[in-house]
Amino acid sequence: MITNGEGEILLQAEGLTRAYGERQALHALDLTVRRGEVLGLLGPNGAGKSTTLRLLSGCLPPSAGRIRLGGVDLLAEPARAKRRLGYLPEHPPLHPELSVQAYLAFCARLRGVPRGRRAAAVERALERCGLGEVRRRLIGRLSKGYQQRVGIAQALVHDPALVILDEPTVGLDPLQLRAVRALIGELRGEHAVVFSSHILSEVQALCDRVLILARGRVVYSGAVREQARADQVVVAFAPDPGAEALATVDGITVEQAVGEGEWLLRLANEAAREALLRRALARGWQLREWRSPASSLEQLFLRATQQEAA
């Protein structure tokens, strides 16, 4: 067990790199995930998300770097390290000829769940993933949404400390989406979760932190929302004075337009704030909005990936 005063570290990657011939799919990724955290992995298609998850789960060997699961080196002791891991790949490893219950019992046995605890483990996985009513049905006859839930259940059946999910909500209807999101929120308590998704609202609602990849490189790692700078403000006046008029106010720098008639400004000091309000009063600019410029995840994603492309 590795702790550092902020919770047990369940996943740690250092300098993780993967090359396919001359093409590098992932460049020197560093990552730490602690118990109780939910980490979202984002990026455009081809950014390296699935490659990253396959490396972290031990399904693909790295070209360079190191991975530790609960302090155990994944390359040196793969069997011991993977006991703490549950993984849902992009294409769930299902057996269509088996019933849901039989398949989960098979997965529990593969994962080393003791014989006397397998029935309870399977029952808990069925309950968690809302599969009780289809437990005796053949997997091959289930809808895609139910098959996806079976894939999630096999990742949870042995109650792992760390759960890695590659696009867990693909193919789910709105009710199933809600159930899976609730499940991920439930897992936060005693586990750690790493999952990829193209749905930014889903990541923003569920994740504590986010890692954004572009062309195999980490372009952002941190909070889902950036902290607003204390010296920035978004303002909107009616009529709109325009950037040139705003820039003539002492201590004001116009950063950019953020909407029709809305401007992101940087204030040199408190006096600049007062000067702007005095100018607005003198010129008849009626204040419509004055707010903190906290970035949304969509803005953060677009800015990070576009900067890497540039």
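Colleague: Leaving aside neighbours within four places in sequence, which residues is R135 in contact with?
Modeller: In this predicted model, the near neighbours in sequence, those within four places, are set aside. R135 itself is placed in the loop between α4 (115-128) and α5. Its remaining contacts are S99, V100, Q101, E123 and L126.

Colleague: Is R135 buried or exposed?
Modeller: The cut-off for buried is under 20% relative accessible area. R135 has 14% relative accessibility, so it counts as buried.

Colleague: Which strands stand at the edges of the six-stranded open sheet?
Modeller: The sheet has mixed pairing and the order β7-β8-β9-β4-β10-β11. An edge strand here has a single partner, so one side is left without a neighbour in the sheet. The strands in that position are β7 (85-88) and β11 (217-223).

Colleague: At about what angle does helix α5 run to β7?
Modeller: Helix α5 covers residues 144-156 and lies across β7 and β8 (162-166). Its angle to β7 is about 165°.

Colleague: Which element gives the largest share of the lining of the second largest pocket?
Modeller: That pocket holds about 330 Å³ of space. Of its 18 lining residues, V113, R117, V157, H158 and D159 are the closest to its centre. By class, the lining has nine nonpolar, two polar and seven charged residues. The largest share, six residues, comes from α4.

Methods:
Residues numbered from 1 in each chain as written. Predicted model: local features only at pLDDT ≥ 70, side-chain atom pairs only at ≥ 80, totals over all residues. Heavy atoms only, no water. Pairing = 2+ DSSP bridges. Helix = DSSP H or I, 4+ residues; strand = E, 2+ residues; numbered from the N terminus. Contact = heavy atoms within 4.5 Å. Axes fitted to C-alpha atoms, helices over the stretch in contact; angles between N-to-C directions. Buried < 20%, exposed > 50% of the residue type's maximum accessible area, 1.4 Å probe, protein only. 1 Å grid on protein atoms, 1.4 Å probe; cavity = no way out; pocket = protein on both sides within 12 Å on 5 of 7 lines; lining within 4 Å. Points joined across faces, edges and corners; volume = space filled by probe spheres on them. Nonpolar A, V, L, I, M, F, W, Y, C, P; charged D, E, K, R; others polar.
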